[in-house]
Amino acid sequence: MPGTGTDSTAHRIDTTRPHPARMYDWFLGGKDNYPVDEELGRQLLRLQPEIKQFARQNRFFMQRAVRRLARHAGIRQFLDIGSGIPTEPNLHQIAQAEAPGARVVYADNDPIVLAHSGALLRGTPEGVTRYLDGDVRDPGKLLEQAAEHLDLTRPVALSLIALTHFLPDEDHVHDLITRYVGALAPGSHLVLSQATGDFDPAAMAEGVAEYAARGAAFVPRTHAEVSRFFDGLELMDPGVVPLGDWHPEPGTDDTPPAGNGPVPIYAGVARKP
């Protein structure tokens, strides 16, 4: 079981290119990032001044979705791929607050996340909280590892929060997600958020170019392309919508002020029949 970082972990960290987990950490005000991450973050902030708010909204969507699945759908198992650097409250804290016996498995392939995985393992005594050093592009291996801690014959909530827009090759990524969903039991749920250029194509195109200039991929997708991730599943109301519109909870999260336009990230939750 991976715990705190080691020298072997440290030498794997690439500080020459920005990494999504570290940039997300910077947007959220964290300290576990490098100058290359902050540099791109500031460029994106220049293009989209609300981007830090968007990152917070993404966290709030995850919390709302997990809370609803645990409270109303009876989900007791969660697989969070692309978990990122721990930010409280994290998914297991939300799930186990609703159901102390919930089982939560995180997976990420960033050495920085591995170094902080100990913070991801502080769950309830009744539940299970584990961290896997795994890559979303290898579903066979990752699901095999997850099956050591989750019962894949019973419903699982698969959480892919702000992950798919870092995966290029549209046809491949849809097939990839289909493989994960196909391995889960009926009654499982897919929780997904994905950036889009539908609302401000010019700003998003500039952002994509900034990523590309630093050797990083960023793939915004249209509403139709994001909806395709949920093909064959039963979408929960209100469907695939800007994430600030997915069951906002005034007083619990700081929903975007009216008049600022939609958050350029689509979100949805769907059930496998």
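In this predicted model, the protein carries 26 positive and 36 negative side chains, and the centres of these two sets are separated by 4 Å. The accessible surface amounts to about 11,800 Å², and carbon and sulfur atoms account for 51% of that area. Of the 273 residues, 51% count as buried.

The overall dimensions were examined next. The C-alpha trace spans about 45 × 45 × 40 Å along its principal axes, and the radius of gyration of 17 Å agrees with the value near 19 Å that a compact globule of 273 residues would have, so the protein fits the description of such a globule. The secondary structure consists of ten helices and eight strands. When contacts between residues at least 6 apart in sequence are considered, 76% of them join residues at least 24 apart.

In soluble globular proteins, nonpolar side chains tend to be buried together. The largest nonpolar core of the model contains 34 residues, of which Phe 61, Val 66, Leu 69, Phe 78, Leu 91, Val 191 and Val 269 touch the most other members. At least two residues of this core are supplied by each of α4, α5 (91-98), β2 (103-108), α6, β4 (157-161) and β8 (265-271), with the largest share, seven residues, coming from α4. Another core, of 31 residues, lies apart from the largest one and has Leu 150, Val 156, Val 173 and Leu 192 among its members.

Helix α2, which runs over residues 20-27, was considered separately. This helix is mostly covered, in that six of its eight residues are buried, namely Ala 21, Arg 22, Met 23, Asp 25, Trp 26 and Phe 27. After α2 comes Gly 29, a residue whose phi is positive, near 90°.

Conventions:
Residues are numbered from 1 along each chain as its sequence is written. This is a predicted model: local features need pLDDT of at least 70, side-chain atom pairs count only at pLDDT 80 or more; totals for chains, interfaces and linings use all residues. Side-chain values use heavy atoms; hydrogens and water are left out. Buried means under 20% relative accessible area, exposed over 50%, partly exposed in between (1.4 Å probe, protein chains only). Helices (H or I, at least four residues) and strands (E, at least two) are DSSP runs, numbered from the N terminus. The radius of gyration is taken over C-alpha atoms; the globule rule is 2.2 Å times the number of residues to the power 0.38. Contact means heavy atoms within 4.5 Å. Accessible areas come from the Shrake-Rupley method with a 1.4 Å probe; for residues, only the protein chains shown count as cover. Lys and Arg count as positive and Asp and Glu as negative; His and the chain ends are not counted. The place of a charge is taken as NZ of Lys, CZ of Arg, CG of Asp or CD of Glu. A nonpolar core is a set of buried Ala, Val, Leu, Ile, Met, Phe, Trp, Tyr and Cys residues joined through side-chain atoms within 4.5 Å.
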